[in-house]
Structure formats: structure tokens, C-alpha cells
Amino acid sequence: MAIAVYPGSFDPATYGHIDIIQRAGSLFDEIIVGVLNNSAKSPLFSVEERVNILKRVTEDVPNVQIKAFSGLAVNFARDCGAQVIVRGLRAVTDFEYELQMAQTNRVLAPDIDTMFLTTNLEYAYLSSTIVKEVNAFQGDISKFVPPFVAEVLQEKYKQR
Ligand code: PNS
């Protein structure tokens, strides 16, 4: 059984992330999204909130699981029984960091491979950071995230 993990911050999930999850779901028997629990990054959404958002927006992907993880991505992959780490590549600017991570992970765990899926052109400019910024200035984020994510983002900013 081919199992892949897709680790990330997902703060919050965008249409770009969802596209990668759907495509990975059709390539692997199981795709397990790993939401990094990293207090050092001080995310806008708690890890529980990010997991719940992802569960909601991937309801139509039959073979996906959403889990929180801490520590190394390769250990998370091992714990899940995964052979592959999936990452999305948007542009050349992502490449250096992604290559460094993939090579580090390969040294740490030679039995686990990283596979890159190139982001759909429609979402190539998109990042969670950009979405949060546009939302913070009351811009229209409906082309970037599903309605549920837009709702929780707007709620979050009302609380601040
Ligand atoms: O969505 P992001 O923030 O680009 O995801 C980065 C992530 C979570 C994949 C990366 O920071 C990660 O794997 N962190 C876990 C710690 C780890 O394994 N570090 C070694 C790889 S350099």
C-alpha cells in the first residue's frame, strides 16, 4: 500500500493546498496531511483549528487523513508507515528551500523519498501569508480559500 504524507503549516489551508491534497489522493492509496504543531512559528490558528479546517475542506477526498504532528517530518512519515513525503512547488523561489529540506530528510531517512507536485498555475502565486494579509485589510479572499476558510479567517480577525 502506497502511503504519502503531506506536511506543512496550513495556517490556513488555501485552494493551492487543497489542489495538492486532491492530486496526491489520486496518486497514492492514502494521503496523510501532517499539520505542524510548532509554537515557535506563532501561527494565527491553533493546531486543532488548522486540523479541523483541513478536515472540513477535504471532505470530498475519500483517502485522506488529517493529523497534527510535532518534531521531524521524517519521523511523522515513519509513524504513518509512509514511503513518500509530498510537497507542492509553486515557483523557482520555493525550490532552494524545498531542495534543502528534501536533501536533509533524505540523509535523515534514506528510505523515505520526497515527491514534488507542481502547483496548479491557477494557484501558483498563492500562500497562506498572502491570504492572511489580504484578509487583514478586508480584501476579497474568495478566490484564494473555500467559503468556510474565509468565514473562520474573518471571525479570527473580528476577535483581534
Ligand atoms: O507549510 P510550510 O511551513 O512550508 O511547511 C514546512 C514544514 C512543516 C514541511 C517543515 O518546516 C517541516 O518539515 N518541519 C518539521 C521539522 C523537520 O522535519 N525539519 C527538518 C527538515 S529541514
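Lys158 and Glu155 sit three residues apart in helix α6 (residues 147-159), so about one helical turn separates them; helices here are DSSP runs of H or I of at least four residues, strands are E runs of at least two, and both are numbered from the N terminus. The two residues form a salt bridge, meaning a side-chain nitrogen of Lys or Arg within 4 Å of a carboxyl oxygen of Asp or Glu. Searching the whole structure turns up eight salt bridges.

This is a predicted model, where local features need pLDDT of at least 70, side-chain atom pairs count only at pLDDT 80 or more, and totals for chains, interfaces and linings use all residues. Side-chain values use heavy atoms, with hydrogens and water left out, and residues are numbered from 1 along each chain as its sequence is written.

**The helix α6 pair**
- For Lys158 and Glu155, the closest N and O atoms are 3.3 Å apart.
- Lys158 counts as exposed at 65% relative accessibility, while Glu155 is partly exposed at 40% (buried is under 20% relative accessible area, exposed over 50%, partly exposed in between; 1.4 Å probe, protein chains only).

- Arg87 and Glu98 join their side chains in a salt bridge, 2.7 Å from N to O.
- That pair ties together distant parts of the chain, eleven residues apart: Arg87 is in strand β4 (residues 84-89) and Glu98 in helix α4 (residues 92-108).
- Arg87 is buried at 18% relative accessibility, and Glu98 is buried too, at 5%.

**Arg106 and Asp113**
- Another salt bridge pairs Asp113 with Arg106, with 3.4 Å between the closest N and O atoms.
- Asp113 is partly exposed at 39% relative accessibility, and Arg106 is partly exposed at 40%.
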